[in-house]
Amino acid sequence: MIPGLPNDRNPRMVVPCSVMLAVVLFGVLMLHVVSAQNAGFVKSPMSETKLTGDTFELYCDVIGNPTPEIQWWYGEINRADSFKQLWDGARKRRVSINTAYGNNGVSVLGITRLTLEDSGTYECRASNNPRRNDLRQNPALTWIRAQATISVLQKPKIDSSEHMTLPTETPNTPVILQCNLTTTPYKHLESFWMKNDEEIPGSRGNLNYTEYKINKPRADESGEYMCVYTFEMAPPANATIEVKAAPDITGHKRSENRNEGQAALLYCKSVGYPHPIWTWHKLDNGIVKEIDNSSGRFYISNKDNYTELNILNLDINSDPGKYQCNASNTLGTATTQSILRVRSYLAPLWPLLGVLAEIIILVVIIVVYEKRKSPDDVPEDDEPAGPMKTNSTNNHKDKNLRQRNTN
């Protein structure tokens with residue numbers, strides 16, 4: 001007989017087994033209920049107003065267990081029955097959808113080169129309902145939704161200067177950038193200039209025509225210039241003018257001194273536009289060679305007009321030498337060199353060893369001097385004190401003379 005199984009001799013064991021099975025099923029059910037979590041929004045898309053030719057991005061962040069699925073839908077304004085699902089690459093590849101799933105579900109919808117037809121309601125839908133894709137289910141019950149309205153307005157017409165390259169033969173000749181707001185259905189407020197996404201101080205005005213003068217057109221004045229017009233009932237409009245120049249390296253670390261096993265950092269920074277492509281090389285007896293990174297100790301970091309070369313765990317035999325950074329764009333190339341010196345592990349002890357050597361030499365000199373000192377310079381203890389005896393004799397004679405005179 002197996003304990004716990006029902007039989008004629010132990011009919012009461014049927015009840016405990018049934019209770020145990022019910023408890024187990026209830027526990028599994030409760031665990032599923034506790035661990036499951038309905039989908040919910042952490043971040044919803046926000047409504048925006050854009051101009052034709054612009055770009056917009058909508059963000060959607062959802063939470064739930066299991067992680068909810070995310071979809072993007074589009075509907076014309078005031079037409080709830082016109083919603084259609086959006087796919088990555090739609091609208092002649094102007095639509096991009098990037099979605100990542102982890103603890104949360106995150107999705108970004110982007111549309112470039114906006115047209116007036118892109119106006120409408122964009123909807124982020126999320127669901128972790130197992131029956132969410134069942135066509136017999138009502139989507140309003142299985143999916144949660146967050147909407148954003150995108151309004152696309154006609155962009156005002158701006159005539160601007162052509163892209164230009166700064167002159168190298170006549171660097172003292174001023175360069176003038178011009179913009180003119182020719183057509184706009186909106187009330188114009190003011191205009192200003194920007195360089196590399198930063199406003200140029202003192203460039204604001206309220207006329208349709210605006211200009212900016214570059215008095216000394218050098219490489220550090222190159223960059224992306226933008227004239228910006230603001231309106232009362234529309235987003236700002238702008239026109240971009242690229243001012244180009246060959247790269248010129250304006251700063252670098254001339255030398256770096258480090259101990260063996262430490263890390264070294266070399267850097268270069270430049271001016272010029274477009275931003276250069278950076279490369280690093282090592283000079284071997286004047287010959288430019290590629291850096292051997294078979295050890296995996298060399299790391300290069302580039303960002304716009306700045307580059308860094310990091311070398312970890314320096315090797316005193318292979319790493320010292322001259323390193324060359326190179327900046328290149330479509331208009332030219334610039335290079336400069338840095339020297340890396342690597343010292344031995346004992347380098348920090350050299351000053352202490354020098355002081356110790358000086359002390360030892362000083363002690364030796366004193367000992368030798370004492371040993372070689374002349375004996376005539378030392379007084380003898382057995383020699384009588386002559387002057388003291390003479391004085392005593394004279395004193396006795398003087399005493400006898402005084403006595404005779406007295407008698």
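Here is a tour of the disulfides.

Bear in mind that this is a predicted model, where local features need pLDDT of at least 70, side-chain atom pairs count only at pLDDT 80 or more, and totals for chains, interfaces and linings use all residues. Residues are numbered from 1 along each chain as its sequence is written, and side-chain values use heavy atoms, with hydrogens and water left out.

Start by selecting the cysteines: you'll find three disulfides (a disulfide is a pair of cysteine sulfur atoms within 2.5 Å). Counting bonded cysteines along the chain, they pair up as 1-2, 3-4, 5-6.

**Stop one.** Pick Cys-60 and Cys-124, whose sulfur atoms sit 1.9 Å apart. This pair links distant parts of the chain, 64 residues apart: Cys-60 is in strand E3 (residues 56–65) and Cys-124 in strand E8 (residues 120–127). Strands (E, at least two residues) are DSSP runs, numbered from the N terminus. Cys-124 has 0% relative accessibility, so it counts as buried (under 20% relative accessible area, 1.4 Å probe, protein chains only).

**Stop two.** Now select Cys-179 and Cys-227, with their sulfur atoms 2.0 Å apart. Cys-179 lies in strand E12 (residues 175–183) and Cys-227 in strand E16 (residues 223–231), 48 residues apart. Cys-227 is buried because its relative accessible area is 1%.

**Stop three.** Finish at Cys-268 and Cys-325, another disulfide with sulfur atoms 2.0 Å apart. Look for Cys-268 in strand E19 (residues 264–273) and Cys-325 in strand E24 (residues 321–329). Which hand does this link have? The torsion about the S-S bond is about -95°, so the disulfide of Cys-268 and Cys-325 is left-handed.

Definitions and conventions:
Helices (H or I, at least four residues) and strands (E, at least two) are DSSP runs, numbered from the N terminus. Buried means under 20% relative accessible area, exposed over 50%, partly exposed in between (1.4 Å probe, protein chains only).
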